[in-house]
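Keep the sequence and the 3D view open as you read.

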Amino acid sequence: MGTNAIMEKTATDPAVRKMEASFLIDTTKCIGCRGCQISCKSWNQNGTDKTTAGPTLTNPPKLNSKTYTNIAFYESEHNGAITWNFSRNGCFHCKKPACASVCPVEALVKTPEGPVIYRADRCMGCRYCMLACPFNVPKYEWEKLSPSIQKCNFCYDRLLAGMIPACAKTCPTGTIQFSDSIEKNLTEAKKRIAENPGKYHNHIYGEKEAGGTSVLLLSAIPLDQIGHAKVGDQVLPDLTWKYISGIPAIIGVVLAAGIGSWVITRRMKNMDKEDEQ
Amino acid sequence: MSTERHEIKMFTPMTLGLLILIIAGAVSVYKRMTLGLGATTNLQDDFPWGFWIGFDVLGGVAMAAGGFVIASAVYLFNMKKYKPIARPAILTAFLGYLLAASGIFLDIGHPFRIWHPVVMWQIHSIMFIVAIHVVIYTTVLAMESSPMFFERIGLKGVQRFVEKIMMPIALFGTLLSTLHQSSLGAVYLIVPDKLHPLWYSSLLPFSFLVSAIMMGLSMVSFESILSSKFFKHKADMSILSGLARGSIVAIGFYFVLKIFILLSGPGLGAAFAGTMESRLYLLEMAVGVIVPLILLLLPSVRNSMGSIFLVNCFVIVGIVINRMNVSIFGLLRHAQERGVSYFPTGNEFMVTLFLVALGIFLFKFACKYFNVLSYGEVKN
Ligand code: SF4
Ligand code: SF4
């Protein structure tokens, strides 16, 4: 079923409608089995890809148009011993998504339940969403003649049918914890950090990034060491809105200045003529 | 008088060169349309916008600014002196917008959905605002250029009518241009974490507008001189030095604005950090702003057609570098952190050359068959 059709068939279950879908991803629990990666592919019927593993065995090395989520492997030194760190990439489902705000045709939209979904039939392929997303999530089907944007849709179809997303369902270690409330996950994340001194790097990635996201990440080491870019706390669409909301004022100024100078300069020309006579 | 256009020869080595570029470029366009973006460009997931957006769209639209600058000088400020250059300036703007629109058409993944924004409004999107402007302003430019068409086909009455209502058309055109030029800068407001701080600023829309006015003045002057050479048509020195004086104001203002952005943003040190970005920034400022400003302040330069031409070239190249810096080089660092780089393919260059060559060809064609160059002088 296309996401468009899903959108139109608004969920009837009141519990779903009140939902504010959220993941708490505790990367310290991850064992790198990549089960989420596989179940995501199966559920979304995303084909396989000819890949080469990255230097630390991340495979595929990056998200792509057939891979909505992947587990990235990083090595680090912890108390003199080499440790693996597993990080999960994918859409953060921002509370105020830059991708949806820049899309000129509302192909990307933030649904009331939280997921940011994509409607391929509207997309004209400008790829502004790819530029705008601070986490570099939307991917493009470059090889196709009729390409679409591809990205995680939080299994919106599953959510509306009362199921939790495929990745969270599959995860054997509880790394990916689904909740119907961002607040609940945030409280849980804070609790874990407080109760386990030294276990976590003291930062909940996604709490403030880009104005706050629906996906929260916990990690043992700083998140930029496991591939998560430093992203400011600024609500990105606000930056643009400041300009757009100023447009009526610009229109007023230009019209006034234009008409004003027309009247004045014409009057001056006429005065010149009169003086000559 | 209007007989001048008959002296323009269509079969010259230049036309031949243009035709070769157009044919070779058409092959590249065909490849883009039949093989897709992946096979013909170096665009990729971590670098979704490249040369076509930087040069064809941002550059093309900035080059077209001469149209609204001259239209507002003539029709809003009643500076009738510039009337002889109004037609070529507006025609260039029209072609510049066609270049930009064709660039967008080829760049987007679904060219034949280019009309989608017109029906699927999303007012939070700068891209939507840009798209709507391209559509409306290209129409306005067509209207502004229409008198010479009506004149040519003998509909004098219609021509006179359109000329009568030129003031509101020009006002509308100026309004759209102000919004459009600045909104192209606003496109990049959403990427504070990606665009290098030397270019990212909340004043991007304003600096795009001011630099477009600079570029417009230089383009118009550049063109008047070139067409006087190629089409054996006399350029009016008082018009050229008038444009040069206008340029001093625009460039001076832009200089102050850029320095303000630098000092209030990343600081003076960033410009001299010795990185690729700082070098490109200095290049852009030297070529497009500082050298032209110093030269134009010398009276001997303002009164010599050759020197003015040189200054025009500096400004045009400098502003194109600025657009490339914002759209490509300023974003490269972020891409490189993600392990990718970008350089356009031969095919990307060829498509752009195709569009540019086509624009110049159409300009020449219009000069030959319509009264573009010698209009307005007759009455003086
Ligand atoms: S992470 Fe990127 S793609 Fe996902 S909602 Fe946020 S801006 Fe959009
Ligand atoms: S590429 Fe498609 S989804 Fe992305 S901003 Fe453009 S129209 Fe919207």
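A crossing of two helices is called left-handed if the near helix is turned anticlockwise from the far one by less than a right angle; if the turn is clockwise, the crossing is right-handed.

**Confidence**

- Chain A has a mean pLDDT of 88, and 94% of its residues reach 70 or more.
- In chain A, residues 1-5 fall below 50 in pLDDT. Beyond near neighbours in sequence, that stretch makes 7 contacts in the model.
- Chain B also has its own average: a pLDDT of 88, with 96% of the residues scoring at least 70.
- In chain B, the pLDDT is below 50 over residues 376-380. This stretch has 6 contacts in the model beyond near neighbours in sequence.
- Where pLDDT is low, predicted coordinates should not be read in detail.

**A helix pair in chain B**

- Helix α11 of chain B covers residues 237-264, and helix α15 of chain B covers residues 305-337.
- The two pack at an angle of about 35°, and their axes are 11 Å apart.
- Is the crossing of α11(B) and α15(B) left-handed or right-handed? α11(B) passes α15(B) in a left-handed crossing.
- From α11(B), the contact uses M237(B), L240(B), S241(B), A244(B), I251(B), Y254(B) and K258(B).
- From α15(B), the contact uses M305(B), I308(B), V315(B), I319(B) and N322(B).
- By class, the residues of this contact are 9 nonpolar, 2 polar and 1 charged.

**A three-stranded sheet in chain A**

- In chain A, 3 strands make an open sheet in the order β8-β1-β9, with mixed pairing.
- The edge strands are β8 (176-179) and β9 (215-218) of chain A, and each pairs on one side only.
- From one strand to the next, the twist averages 15°.
- Strand β1 of chain A (residues 22-26) pairs with β8(A) in the antiparallel sense, over 4 bridges.
- Which residue of β8(A) is the bridge partner of I25(A)? The partner is I176(A).
- Helix α8 of chain A (residues 182-195) lies across β1, β8 and β9 of chain A. It runs at about 20° to β1(A).

**A hairpin in chain A**

- Strands β2 (residues 70-78) and β3 (residues 81-89) of chain A pair in the antiparallel sense over 9 bridges.
- I71(A) stands opposite R88(A) in β3(A).
- β2(A) and β3(A) form a hairpin with 2 residues between them.
- N79(A), in the turn, has a positive phi of about 50°.

**Backbone exceptions in chain A**

- Most residues other than glycine have a negative phi, and most peptide bonds are trans.
- Q45(A) is not a glycine, yet it has a positive phi of about 50°. Q45(A) sits in the loop between α3 and β2 of chain A.
- N59(A) and P60(A) are joined by a cis peptide bond, with omega about -10°.
- Where is P60(A) found? P60(A) is in the loop between α3 (35-44) and β2 of chain A.

**Two ligands**

- How many residues surround ligand 1? The count is 14, and the closest are C91(A), F92(A), C94(A), C99(A) and C133(A).
- The shell around ligand 1 has 12 nonpolar, 1 polar and 1 charged residues.
- Ligand 2 has 13 residues around it. Those that come nearest are C103(A), C123(A), C126(A), R127(A) and C129(A).
- The shell around ligand 2 divides into 11 nonpolar, 1 polar and 1 charged.

Conventions:
Residues are numbered from 1 along each chain as its sequence is written. Chains are lettered from A and ligands numbered from 1 in the order in which they are written. This is a predicted model: local features need pLDDT of at least 70, side-chain atom pairs count only at pLDDT 80 or more; totals for chains, interfaces and linings use all residues. Side-chain values use heavy atoms; hydrogens and water are left out. pLDDT is the predictor's confidence in each residue, from 0 to 100. Contact means heavy atoms within 4.5 Å. Axes are lines fitted to C-alpha atoms, for helices over the stretch in contact, and angles run from 0 to 180 degrees between N-to-C directions. Ala, Val, Leu, Ile, Met, Phe, Trp, Tyr, Cys and Pro count as nonpolar, Asp, Glu, Lys and Arg as charged, and the others, Gly among them, as polar. A residue is near a molecule or strand if one of its heavy atoms lies within 4 Å of it. Two strands pair if DSSP finds at least two bridges between them.
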